[in-house]
Amino acid sequence: MPRNRPMILAALAASAALAAGCTDVKESLPSRTATEQLLISSAADNAANRLRLDLSADKRAFLDTGNFDGTDAKYAASAIKESLLRQGIRLVPDRAAADTIIEIRLGALSVNQSKTVLGIPPITLPGTITLPEASVYSSTENQAVAKFSAFAYDNRSGALVASTEPAYGLSGEQSYRAMTLFSWRTSPPYPEETN
């Protein structure tokens, strides 16, 4: 037996251990990551900017958010409110003082995820043990989808004044991993910090 054989075996074992290791980054400790929150809010902004109501500028309108419910609904309702104000619609805080009621609906505001793995995906064994992914290549795509719609009716008569087609907003990002060791990501465009 050659003298260097134990050292060669130890070096091979160390190399194999390093090659088999992997890194999995959790971006935050809350239930949703900052990336997911940014994707959803960007999709909400995009859909709100596409929502158009043809209302007379001399009429006072009340924004009814009673049927606008779900996670992130408050942010989305505020984005819609800003969009309506930019369209020249005069919003009042009191329903009784309004000529027109604008009712908004939330059809979707969430993230779809799709993953492709060439190799062995993570395997969860009985109990709490999960074997890591062992792949040649994998990709994950996250796409946030928002769907909003609105209609307006006369506060006195209840007659329909205006309605919109559904407005959609999308925002997405992709992450990739090769040989379980190398990873990179294409993120949605965020404004750069300026000094």
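Trainee: Why does Arg-32 count as buried?

Mentor: Keep in mind that this is a predicted model. Arg-32 has 18% relative accessibility, and buried means under 20%, so Arg-32 counts as buried.

Trainee: What makes Arg-32 and Asp-72 a salt bridge?

Mentor: The closest N and O atoms of Arg-32 and Asp-72 are 2.8 Å apart, and the cut-off is within 4 Å. Arg-32 lies in the loop between helix H1 (5-20) and helix H2 (34-50), and Asp-72 in the loop between strand E1 (60-64) and H3, so this pair ties together parts that are 40 residues apart in sequence.

Trainee: And why is Asp-72 called partly exposed?

Mentor: Asp-72 comes out at 25% relative accessibility. Buried would need under 20% and exposed over 50%, so Asp-72 is partly exposed.

Trainee: Is Glu-173 buried or exposed?

Mentor: Buried: its relative accessibility is 3%, and the label asks for under 20%. Glu-173 also forms a salt bridge with Arg-185, with the closest N and O atoms 3.7 Å apart. That pair links strand E8, which holds Glu-173, to strand E9, which holds Arg-185. Arg-185 is partly exposed at 38%.

Trainee: How many salt bridges does the count come to?

Mentor: Five.

Trainee: On to helix H3. What span should its 14 residues have?

Mentor: At 1.5 Å a residue, residues 73-86 should span 20 Å, and the end C-alpha atoms are 20 Å apart, which agrees.

Trainee: Which residues of H3 are buried, and why do we say they line one face?

Mentor: The buried ones are Ala-73, Ala-76, Ala-77, Ala-79, Ile-80, Ser-83 and Leu-84. Down the axis of H3 they fall within an arc of 160°, so they line one face of the helix. The face turned away from that buried side carries the exposed residues Lys-74 and Arg-86.

Trainee: Last one: why is Leu-181 called partly exposed?

Mentor: Its relative accessible area is 47%, and exposed would need over 50%. Leu-181 lies in the loop between strand E8 (167-178) and strand E9 (182-186). Leu-181 is also one of the residues in a nonpolar surface patch, including Phe-182 and Trp-184, with about 640 Å² of accessible area together.

Technical notes:
Residues are numbered from 1 along each chain as its sequence is written. This is a predicted model: local features need pLDDT of at least 70, side-chain atom pairs count only at pLDDT 80 or more; totals for chains, interfaces and linings use all residues. Side-chain values use heavy atoms; hydrogens and water are left out. Patches are made of residues with over 30% relative accessible area and no salt bridge: like charges are joined within 9 Å, nonpolar side chains (Val, Leu, Ile, Met, Phe, Trp, Tyr) within 5 Å. Accessible areas come from the Shrake-Rupley method with a 1.4 Å probe; for residues, only the protein chains shown count as cover. A salt bridge is a side-chain nitrogen of Lys or Arg within 4 Å of a carboxyl oxygen of Asp or Glu. Helices (H or I, at least four residues) and strands (E, at least two) are DSSP runs, numbered from the N terminus. Buried means under 20% relative accessible area, exposed over 50%, partly exposed in between (1.4 Å probe, protein chains only). The expected span of a helix is 1.5 Å times one less than its number of residues. The arc is that of the directions from the helix axis to the C-beta atoms.
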